[in-house]
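Reader: I have the sequence and the structure open. Walk me through them, please.

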Amino acid sequence: MLHAVIFYFFAIMTILAGLAVVTRRSPIAAAIALVVTFFFQASLYVLLDAHFVAVAQILVYAGAIMVLFIFVMMLLNLRGSDPGTLPHIPGRALAGLAVAGLVGTGLVVSLEGLRMMDMGPAPDDFGTIEQVGALIFNGTYLLPFEVASVLLTVAMVGAVVLAKREV
Amino acid sequence: MNHLLSLVTFLPLIGALVVFVSPKGTAKWLALAVSLLTFVVSVPLWFLYDPAAHGLAGWETFQLVDGPYPWIADLGISYTVGIDGISLLLVLLTTLLTPLVIYSSMSSIHKKVGQYMGFMLILETAMLGSFVALDTFLFYVFWELMLIPMYFIIGVWGGPNRVYAALKFFIYTLVGSLLMLIAIVALYVFHFQQFGFWSASILDLYNVALPFRTEALLFAAFVLAFAIKVPMFPLHTWLPDAHVQAPTGGSVILAGVMLKLGTYGFLRFAMPLFPQATHEYGGVIAGLAAIGIVYGALVAMAQDDMKKLVAYSSVSHMGVIMLGLFALNTEGVSGSVYQMLNHGLSTGALFLLVGIIYERRHTREIAEYGGLATSMPKYSFVLLVVAFSSIGLPGLNGFIGEALSLLGAFHTHPVATVVGTSGVIFGAVYMLWMVQRVVFGPLTIEANKTMPDLTGREIAYLAPILVLIVVMGVAPGPILAKLEPSVDRLLVQVNSQVDLLAQPDVAGGQR
Amino acid sequence: MNPALLSLVPLFPLLGVIVIALLNRRASRLVAGGIATAMVGLSALVSFWTLWTLVSSHGQTPMLYTRLYQWISVGHLHVDIAFLADPLSAVMMCVVTGVGALIHLYSIGYMDDPADADSTWRFFAYMNLFVFAMLLLVMGDNFLLMFVGWEGVGLCSYLLIGFWYTNTDFAKAGKKAFIANRVGDFSFLLGVFMLFWALGDQATLTFAQLQDTLVAQPQLVGGSGGTLVTAIALLLFGGATGKSAQIPLFVWLPDAMAGPTPVSALIHAATMVTSGIYMICRLNFLFVMSPVAMGVIATIGALTAFFAATVALTQTDIKKVLAYSTVSQLGYMFLGVGVGAFTAGTFHLITHAFFKALLFLGAGAVIHSLHHQQDMRHMGGLLKYMKITGVTMIVAWLAIIGFPGFSGFFSKDEILWLTFSANPAQIALFGPEFPLPKILWIIGAVTAVLTAFYMSRLIFLTFFGDYRGGHSDADAAADGHGHGHAPPHEVSPLMWVPLAALALLAMGGGLINLPHWLPSGEMSGGLHHFLAPVFANSAPYLSFDGADESLEMPIMGITLVMVFIAVMVPWFLYLKKPGDLDETRRELVPDLLYRGSLNKWWIDELYQAAIIGPILVGSRHFLWAIVDAQLIDGAVNGVASAMSGLSSGYSRFIQDGRVQTYALVLAAGAAVLVFAFAVGG
Amino acid sequence: MDQVGLYPVLFTSVALFMIGAAGVLSRRNALIVLMCIELMLNSVNLAFVGFARHLGQADGHVFAIFVMAVAAAEAAVGLALVILLFRHKASVDLENFTMLKG
């Protein structure tokens, strides 16, 4: 029973942090809220026995991407969005919620065929780095892995070309 | 396979190209020469066409056929032109009116004369093409081609708000003809389904059998396209605007020949292609035509602009033609075709006459004129004769067309004909009222006193019409003789399928 | 006589028209008049020759027929340009050309007004065109050719009434005449169509064939008394009311007096207005088959006669009186023809042509010498100044009131007697037993009395008593108001010779059809025998035994006495005790009746308000302004503006350049798709 | 995790996804929009992991890793673009960038 309580706690905290990201006026506050969301999300992964992914989540998202964001915010030395106008357009927020909600419920409804209730205990080495590594390197995901690496290099070169100042 | 017909059809087009290029001074004379040449070349058609030599089926129904040259071979679309009694007369009407119009607009058109004449000649080709085309797609091409020059003629050389009128005219007709295109394609596909080979020639499409509901739909599409062109009652509002804004030459051709294309369309396409629907909905169209006659006449009474009055009068006259057409008997249809020629001549002459005084006084208001009989006796005499011809005074051409159409129509749609015949009274009322206010009465307005009477040139282009008005009234024999066999053949086609329906109407059943 | 010569009769006037038109202004009054009169005279000669051929043949040659060429041949309809001269047409031809020639001669003198100098050629061209059209009408051997003449005379009356076109009222009168005729022609055309299709495959418009078909197979038109034949007959009669000015389409005749007087004489007295009666006589075999239609014709004829007579009582314009008198006498003819007495109707037509033409021409002479003075109150005592015109007018007056011995007496009394003695079954408008003939006779007799009254009033006001218009020079200066004209003088011989000729005809007209009770041997009933073959087919349907023979004389006696009294009253009123006319009239006649009669019972105003007004207003304000402009154009423009509104709306909301909006649209599309698939399954 | 079942996980994922979408569409600051995209990608990862756990196969985790790679690349390029935008109009407010207007 304790297991469920912890799960719900972390789930709710993730959602609240997510809300914080969207509702904070200043980007800095939003960034911090996002980091908090990542941490709670990582904890959810642990509860779901996805240990490697949790660690990767912290390292990649919290570590790398958020640092990048903070760095860019510093670079552009934004002092929060200009006071006068509303930071967001209410109409479109509702539209966004409606649309995403429609997609989400559509998907979930279509799943009602699956037996959803008890998932049973996970095998002992489930979700560890060995299993995931085995899957990637001698399993079926070798090619996508290589493509992902090419993708990252291209993105890196692109970002540099885009953002560098004319020489 | 003689090429006379193709020559007649495309001669004006060649002339037009040359005229576009030639300098302003010579353009108009060249255009006149080309149109006169076309007329001269078209005259032998009358003698070559032998009404007696007609078979009942297949290619014999048409003569002087310039054989099926494959145009888009694999779709079965071919360039085939040919004439029968009806299209022969309408071709001659076109080749006669165009030189007169060009000759008359030489004095009234001053800016960009070359282009005007060029467009007029292109228009002539388009009209001739439509009358002689025996392939539905070829007909459609000429039918659309006709709109463009007319649009420019009204749009560029027209009156104050000519753009609105030209646009309205263009869109009105275009909407109709697009519907027709859909119907043609549908028919074309049905033909393929039934006979296994692609062909767009009229004669093949004539024997396509359709379930009644589909036939009614296609018939409605064709009827709408041609009803706009005729124009018939509810769809006529583009005509007065187009006429009032069009230059004299433009409105003579518009009234003289282009309106006949609407009725010709009924005659050549709508009725023979869909005989069942023609019989089924003939009553509705006859009713509309009758309303058109009375409505056109009544509204004409209320006009104080001469051109608008004549425009509404031609709505009324076209109503008589449509009534005659849907009589579906020899007298009615012959009368209606004969009335097409009459209307072309008398309304064309009326517009020319209005143009003459418009050139002098630059106004079309009836109130501005009065007592022209004293200052312009020759003009008044001609106006009186033409007015009486358009009322349908016996002894002149109008009477024979009108009487025959109404006689024929009385047999099939008695009630509609009684309403239509009352148009005879209203016709006299608005025409005589106009004549009385323009020609008779005291010479009060100063400007009218000094107006010169008809010049030699004006008499030159009015004389042929006047002679024809009298001759066609006194001796309609030769024309009717050329006409009657084709009308009988048409009626055989229109009444043929219907006999199959002697048994209770198999609505929708596949025949 | 070689039948081919027949076509000369109409061709002479046509030739006249062409020659005068070509000469145009160069033809002076005398030249143009001369040509015109010569042409009509020539065709008169040929007409009399034709008549003589028919009469002398004593029935051997029933008719002369000549065919020029085939006019229209379409489907069942085969119509030729062909002329026929059977006894009826021959008589009509002689009347038209004979009286026509005299009137042409007269109008040479009449049109001497210098103002018209350069347009007299136009006048004579129209007159010849009119005679040509009338001859086509009378000699045409089929409906369509007759219709050409029918409308042709309508056209000529339009041109001639509006001859002095500079005066808009005259032009309006011409237009009114043409349109009223056109209404009649509308009904005539429908009748022809109905007849044509009723005959089925034996459809023909030629009179001879029509007669043979109908006599042989009456059931084609639904047998005698059938509704179809009644409808056809009434429609054709509708055309006749238009042309011969009967109720309800008579309104154009009084206004037609706007034209020169010879025009009134020729067209509105002698020829054009009689075409309705000619048509009915020509189709007697058709009309007789429908007693109801005959009843309608007779009743309308009697009513028109009575109605027009009441209006003529109080008119002050001499030509208006004669106009209403014409309408009234035409009513008589229709009464005669309606009861089946075709010969009597034709006989009255002939005698009426003589004395009414004479009356009009006489009135013309009076107007001409008084310099266009038409108001009788400014005339009087002209007998002293215009001997010949006076005498001839008195002869005509005696003829019209039916003074024994004069032509009017014989023709009118024959109609009255035959009406009285007609068998009620043949005019069964209100059922076969209803004593309709007796009632119609009463109306006829009363009208005869009224006719006597207003004609005597006209004669006494014009020719007797003292001259009230502009005294002789001596007193002109004195009373100052006078017109200061020279005293009225006798007209030139050109004018009084035709008057004299017509006076002789008016007197001797009765000889051609002497009544049976007059001991005149084989002379009696001349016209009756001559026209018998034409009306042979209708005879079996008719019988005149409604009253026994002995009554004829006493009835004639009664009418004569009443007529005599009707003559004495105006003599006493206007001559014996002139006094103040208005005052005597006021206490004699109730004011409403007098004013009603003077304003022709407000018929014109009624038509204007009931028919013409609403049509004009309706067409201008309702049809054109609302239906055409708002309704149809509005719809078209409405569709156009709706389209443009739609497109501008689209670009304002969706195409606003913000990336997020595009993202939203994209997402929305995806969402719908996903939802559709998810739910749709 | 056996008492919890898959539904709560999916609901959290959908909730996060909806919040992210609302943020992307409504916020005017470009950076925050990018963050919300990260949020949406995270919610997808959550779903992947949830299903992996439910089906007992680790494929879900591999996909989660790949999603992270893509997210990183996307963030890099996105930020580069934001810098460019900033250099162009000294502002990151998306309302100022409507050059695409039809």
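Reader: Are H6(B) and H8(B) roughly parallel or roughly antiparallel to each other?
Author: This is a predicted model, in which local features need pLDDT of at least 70, side-chain atom pairs count only at pLDDT 80 or more, and totals for chains, interfaces and linings use all residues. Residues are numbered from 1 along each chain as its sequence is written, with chains lettered from A and ligands numbered from 1 in the order in which they are written. The axes of H6(B) (residues 162–195) and H8(B) (residues 212–229) cross at roughly 150 degrees; axes are lines fitted to C-alpha atoms, for helices over the stretch in contact, and angles run from 0 to 180 degrees between N-to-C directions. Angles over 145 degrees count as roughly antiparallel, so H6(B) and H8(B) are roughly antiparallel.

Reader: Which residues of H8(B) make the contact with H6(B)?
Author: The two axes come within 8 Å. Contact means that C-beta atoms, placed from the backbone, lie within 7 Å. H6(B) contributes residues including Tyr172(B), Gly176(B) and Ala183(B). From H8(B) come Leu218(B), Ala221(B), Phe222(B), Leu224(B), Ala225(B), Ile228(B) and Lys229(B).

Reader: How many residues of H11(C) are buried?
Author: H11(C) spans residues 275–282 and is mostly covered. Its buried residues include Ser275(C), Tyr278(C) and Arg282(C). The count is eight of eight.

Reader: What stands opposite Arg67(C) in S2(C)?
Author: S1(C) (residues 64–74) and S2(C) run antiparallel, joined by nine bridges. Strands pair if DSSP finds at least two bridges between them. In their hairpin, two residues lie between the strands, and Gly75(C) takes a positive phi near 55 degrees. Opposite Arg67(C) stands Ala82(C).

Reader: Which chains have the most contacts between them?
Author: Chains A and B do not touch, with their nearest C-alpha atoms 40 Å apart. Chains B and D share no contact either; their closest C-alpha atoms lie 27 Å apart. Four pairs of chains touch, and the most contacts are between chains A and D.

How values were computed: Helix = DSSP H or I, 4+ residues; strand = E, 2+ residues; numbered from the N terminus. Parallel < 35°, antiparallel > 145°, perpendicular 65-115°, else oblique. Contact = placed C-beta atoms within 7 Å. Buried ≥ 20, exposed ≤ 12 C-beta atoms within 10 Å, placed from the backbone.
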